[in-house]
Amino acid sequence: MDTSNPAIFVNGESLQMYVGKKVRAVVQIIKSDGADMIGKSTDEHQWTLKGLSSAPLMSYVEVIGVAESNQSIGVELWTDFGNSFDAHSYNQLCQLANGEFKDLFL
């Protein structure tokens, strides 16, 4: 397992702090926009997922990639979590990972 460049857990609020860095997020896919997908983060921000062209609509997916802006991620890897996911708990994890426990996740 390569730990030299870990992916930072992000939600919609924290994505802007990591533009240009590798991030990890869970997103609910809401529509397809040709080669990209549109989704919403666990805290209800809308994102463009670049390079993700075939994920089931309304499904939750975990994406790992580079934050290209405060509203987009260039997806390198993704995993389908299905239609049922505890977005609230994941959002709390993101808040902890970017707050009081930030040193543990970087």
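These are my notebook entries on one chain, taken from a predicted model.

**Entry 1: the overall fold**

I began with the order of the elements. I counted two helices and six strands in the chain. From the N terminus on, they run β-β-β-β-β-β-α-α.

**Entry 2: size and packing**

Next I looked up the dimensions. Along the principal axes, the C-alpha atoms fill a box of roughly 35 × 25 × 25 Å. I then checked the radius of gyration. A compact globule of 106 residues would have a value near 13 Å, and the chain has 13 Å, so the two agree.

Residues 24 or more positions apart account for 50% of them.

**Entry 3: inside and outside**

How much of the chain is buried? I found that 41% of the 106 residues count as buried. The accessible surface comes to about 5900 Å². Carbon and sulfur atoms hold 49% of that surface.

**Entry 4: Ser14**

I picked a loop residue. Ser14 sits between strand E1 (8-9) and strand E2 (22-33). Is Ser14 buried or exposed? Its relative accessibility is 5%, and buried means under 20%, so Ser14 counts as buried. Leaving out residues up to four places away in sequence, I noted that Ser14 touches Phe9 and Asn98.

**Entry 5: Ile30 and a surface patch**

I moved on to strand E2, where Ile30 lies. Ile30 has 32% relative accessibility, which means that Ile30 counts as partly exposed. Which residues form a nonpolar patch on the surface with Ile30? I found Leu57 and Met58. Together the three have about 260 Å² of accessible area.

Note on methods: Residues are numbered from 1 along each chain as its sequence is written. This is a predicted model: local features need pLDDT of at least 70, side-chain atom pairs count only at pLDDT 80 or more; totals for chains, interfaces and linings use all residues. Side-chain values use heavy atoms; hydrogens and water are left out. Helices (H or I, at least four residues) and strands (E, at least two) are DSSP runs, numbered from the N terminus. Buried means under 20% relative accessible area, exposed over 50%, partly exposed in between (1.4 Å probe, protein chains only). Contact means heavy atoms within 4.5 Å. Patches are made of residues with over 30% relative accessible area and no salt bridge: like charges are joined within 9 Å, nonpolar side chains (Val, Leu, Ile, Met, Phe, Trp, Tyr) within 5 Å. Accessible areas come from the Shrake-Rupley method with a 1.4 Å probe; for residues, only the protein chains shown count as cover. A salt bridge is a side-chain nitrogen of Lys or Arg within 4 Å of a carboxyl oxygen of Asp or Glu. The radius of gyration is taken over C-alpha atoms; the globule rule is 2.2 Å times the number of residues to the power 0.38.
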